[in-house]
Amino acid sequence: MFKKVIFWMLAFVLILAFCLASCGEKPGTEDPSGNTDEDEYTQLLPFSAYNLDTYIKPYWKGFIEYNETVLFLGEDDEAQLLYDVDDIIAVTSYGLDTLYEEGKDYEIVGNKIKRTKNSSIPYFTEDEYYPSQSTMKSLEEGREYLLYGEGETFTSRQIAVTYTHSDKWTGAVPEGQSNKFRNAKAKLEAKEDIKILFYGDSITTGANSSKKTGVKPNAELYTEMITSYLKNKYGYDKINYNVNNDKNNVNPDITLSSDSEEKSVIEYINMAVGGQDSNWAVSNYENRVLKFEPDLVFIAFGMNDKTRTASYFYDKMSVLVENIRNELPAVEIMLISTSLPNKTAAAAASGTPFFKEHDKFEAELKKISDAYENVGLSNVTSLNAELLKRKRFRDMTGNNINHPNDYLARLYAQVTIASLGL
């Protein structure tokens, strides 16, 4: 209890101090997407608990990085951060409720954070991370098995780093495509009831997100962040949630809001199912997409196509999009490219690597998007690849194989919101 009180007191002082400092001489600058950071991204946002505005602040904009996660392997490990650190604002547990002290628990050198000798920051030992037996094999030289775990296996040992930086993002950025979502924009601006549907695999069900796992900071699923953003921006009264992620329910149904006559409502429909690939998507879209007649559909497959080629993935996804458009000509579709799986992991029983042609799928989705005036692309793969140039896979994972933690799930929301351009 004492530690929490100290944490909140310190957080308040840091916020006050930084807000005062942000009024000083540091100018706004142009980021690679051509937007100015000065007004929107220099003011410190709340970071001591889940906050929507903080979590959807783009990683590629501004000079403050919020709750960037890392995971130490060994008590002497050091982790590279996304940017070079100017000043540390806070280093906390993944749940944001334990504050670590610079000098006592960690030290910062350039863009790296390192555990100190007697640090209280958690970590994995080599024997834990590379166990003598596991359902996952390691493809690293000299290693046989790799730790895999759901729930908070990994997030319970990750930490969150909030800091300021001067260097800028130089990699890929999303492209706003509001011209592909004119119908949705018109409905949103008029605050007409709108049905938004998400169709994908376990990542879209929210697997390993803290809210789904039931641990702090209880961040919304990326699908919920997108929907909450639209609700707040356009002033809707409520979101009505309909979720069916059960593969065995072959004919799922929804219950529309009973308040639609008195209130403006966004109907949130999540029909994603864990473990499914592009072939399953084509076989099940009628009962999981068409029957609900959505206005806006987000399609996010690819992670489970680990044995498929890019051309196979293109064939399946193009059929899916064309079939949906034939039945629902007015529907607008956002294709979301997948985050990247662990390149060093393979199934122990079969030896099949989890990573095959995942980094090629996005280009296939772009071909589909380019062919239609009402089909957009959220280039999550490209942005994830940029993160991996400076960060390790384990720093952003929920299960060490294919599920994102909150930090990587935030990227899905950030890129998709930016790609909508609404």
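Strand β13 (residues 296–300) is joined to β14 by four bridges, and the two run parallel; strands here are DSSP runs of E of at least two residues, helices are runs of H or I of at least four residues, and both are numbered from the N terminus. Within this pairing, valine 297 stands opposite isoleucine 333 in β14. This is a predicted model, in which local features need pLDDT of at least 70 and side-chain atom pairs count only at pLDDT 80 or more, while totals for chains, interfaces and linings use all residues. Residues are numbered from 1 along each chain as its sequence is written, and side-chain values use heavy atoms, with hydrogens and water left out.

On its other flank, β14 (residues 332–336) pairs with β16 in the parallel sense over four bridges, and two strands are said to pair if DSSP finds at least two bridges between them. Here methionine 334 has glycine 376 in β16 as its bridge partner. In β16 (residues 375–378), Val375 and Leu377 point one way and Gly376 and Ser378 the other, and all are buried, a word that means under 20% relative accessible area with a 1.4 Å probe and protein chains only (exposed is over 50%, partly exposed in between). In a regular strand the side chains alternate between the two faces of the sheet.

These strands belong to an open sheet of six, in the order β11-β12-β10-β13-β14-β16, with parallel pairing. Its edge strands are β11 (238–243) and β16, each of which pairs on one side only. Neighbouring strands of this sheet are turned by 20° against each other on average, direction ignored. Helix α8 (residues 222–234) lies across β10 (194–200), β11, β12, β13 and β14, and runs at about 170° to β12; axes are lines fitted to C-alpha atoms, for helices over the stretch in contact, and angles run from 0 to 180 degrees between N-to-C directions.

The loop between β12 (265–270) and α9 (278–288) holds valine 273. Why does valine 273 count as buried? The reason is its relative accessibility of 2%. Leaving aside neighbours within four places in sequence, valine 273 is in contact (heavy atoms within 4.5 Å) with residues including Gly200, Asp201, Asn245, Trp280 and Arg288. The C-alpha atoms of valine 273 and isoleucine 203, 70 residues apart along the chain, are separated by 8.9 Å.

A second open sheet has four strands in the order β1-β9-β3-β4, with antiparallel pairing, and its edge strands, β1 (64–71) and β4 (99–100), each pair on one side only. Six bridges join β1 to β9 (residues 158–164), and glutamate 65 stands opposite tyrosine 163 in β9.

Among the helices, the axes of α10 (residues 310–327) and α11 (residues 358–370) come within 9 Å and cross at roughly 35°. Ala310, Phe313 and Tyr314 are among the residues of α10 that meet α11, where Lys360, Phe361 and Glu364 are among their counterparts.

For the protein chain as a whole, there are 13 helices and 16 strands. Its radius of gyration, taken over C-alpha atoms, is 22 Å, close to the 22 Å that the globule rule gives for 422 residues, so the chain is as compact as a globular protein of that length; the rule is 2.2 Å times the number of residues to the power 0.38. Of the 422 residues, 55% count as buried.
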